[in-house]
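Colleague: Could you walk me through this model, one question at a time? I would like the cut-offs along the way.

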Amino acid sequence: MSSVDLFGGALTAKLPEPRVDVSDLREIPDNQEVFAHTCTDQSIIIEVMEYEESEDDDQALRIYFKDLVDTNNADLDVNSLCNQPLELSSLSASCCKSCRLMKGIQSVSKFKDTARNTVEVHMALLRLPQFTSDILLTFNNPLHISAESSSSDANTSTSESAWTEDHFLQTVKSLTIVNNGLFG
């Protein structure tokens with residue numbers, strides 16, 4: 001794990017290694033930072049989002065998770081869903097109103113592939129209503145990559161160097177807001 005400046009240094013977080021900054025490979029939206037494992041098909045995405053006005057924080061996270069399923073045109077194993085709060089005292093981003101975690105298993109095709117991969121998706125939502133923003137962190141952890149997938153040569157999460165759920169939690173907990181101007 002090593003500290004990385006995000007969004008021009010407005011945020012920092014500790015991210016697992018080995019990794020590559022995907023913006024060095026392709027264009028990434030301005031509200032995202034995307035990092036990929038160099039040997040597996042794992043990725044961590046950090047997004048600054050407009051604050052999701054919903055009944056409660058649990059519902060806001062469910063909306064983001066469902067949006068990801070819909071965007072990926074994925075099938076979701078609803079029995080795999082797990083949603084829980086994370087203690088605010090464990091976060092470096094002390095101005096968060098709340099933090100919730102969710103994980104679930106999706107069957108999804110990568111890019112224009114027809115082959116479907118089984119991916120465990122971990123999502124963390126840090127709520128910042130005072131900035132009318134949310135910070136969404138997503139960890140994509142492939143459990144099975146189809147032989148017909150464009151990623152078939154990548155190792156899965158069973159690789160010795162693979163990132164773990166604990167790595168993702170360390171990233172979430174280490175996220176620090178350096179410059180509030182990011183949200184203005």
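Predicted model: local features only at pLDDT ≥ 70, side-chain atom pairs only at ≥ 80, totals over all residues.

Colleague: Is asparagine 140 buried or exposed, and at what relative accessibility?
Modeller: Buried means under 20% relative accessible area, exposed over 50%, and partly exposed in between, with a 1.4 Å probe and protein chains only. Contact means heavy atoms within 4.5 Å, and asparagine 140 touches Asp41, Gln42, Ser43, Ile45, Val119, Glu120 and Val121, not counting residues up to four places away in sequence. Asparagine 140 counts as buried because its relative accessibility is 17%.

Colleague: What is the strand order in the open sheet of 7 strands?
Modeller: Two strands pair if DSSP finds at least two bridges between them. The edge strands, each pairing on one side only, are E3 (19–21) and E6 (75–85), and the twist averages 20° from one strand to the next. With antiparallel pairing, the order is E3-E4-E5-E9-E8-E7-E6.

Colleague: Which residue in E8 is the bridge partner of isoleucine 105?
Modeller: E7 and E8 run antiparallel and are joined by 12 bridges. In E8, the partner of isoleucine 105 is glutamate 120.

Colleague: At about what angle to E7 does helix H1 run?
Modeller: Axes are lines fitted to C-alpha atoms, for helices over the stretch in contact, and angles run from 0 to 180 degrees between N-to-C directions. Helix H1 (residues 57–71) lies across E5, E6, E7, E8 and E9, and its angle to E7 is about 20°.

Colleague: Which residues of H2 are buried?
Modeller: The buried residues of this helix pack against E2, E5, E7, E8, E9 and E10. They are Phe168, Leu169, Thr171, Val172 and Ser174.

Colleague: In the largest nonpolar core, which residues touch the most other members?
Modeller: A nonpolar core is a set of buried Ala, Val, Leu, Ile, Met, Phe, Trp, Tyr and Cys residues joined through side-chain atoms within 4.5 Å. The elements giving two or more residues to the largest one are E1, E2, E5, E7, E8, E9 and H2. Of its 31 residues, those touching the most other members are Leu6, Leu126, Ile135, Leu137 and Val172.

Colleague: Why do phenylalanine 139 and phenylalanine 168 count as a stacked pair?
Modeller: Rings of Phe, Tyr and Trp (its six-membered ring) pair if their centres lie within 6.5 Å; planes under 30 degrees apart count as stacked, over 60 as edge-to-face and the rest as tilted. Phenylalanine 139 and phenylalanine 168 are both buried. Their centres are 5.8 Å apart and their planes lie at 25°, so the pair is stacked.

Colleague: And which residues do ring pairs link into a cluster?
Modeller: Phenylalanine 139 also forms a tilted pair with tryptophan 163, at 6.4 Å centre to centre and 45° between the planes. Because phenylalanine 139 lies in strand E9 and tryptophan 163 in the loop between E9 and H2, that pair ties together parts 24 residues apart in sequence. The cluster is Phe139, Trp163 and Phe168.

Note on methods. Residues numbered from 1 in each chain as written. Heavy atoms only, no water. Helix = DSSP H or I, 4+ residues; strand = E, 2+ residues; numbered from the N terminus.
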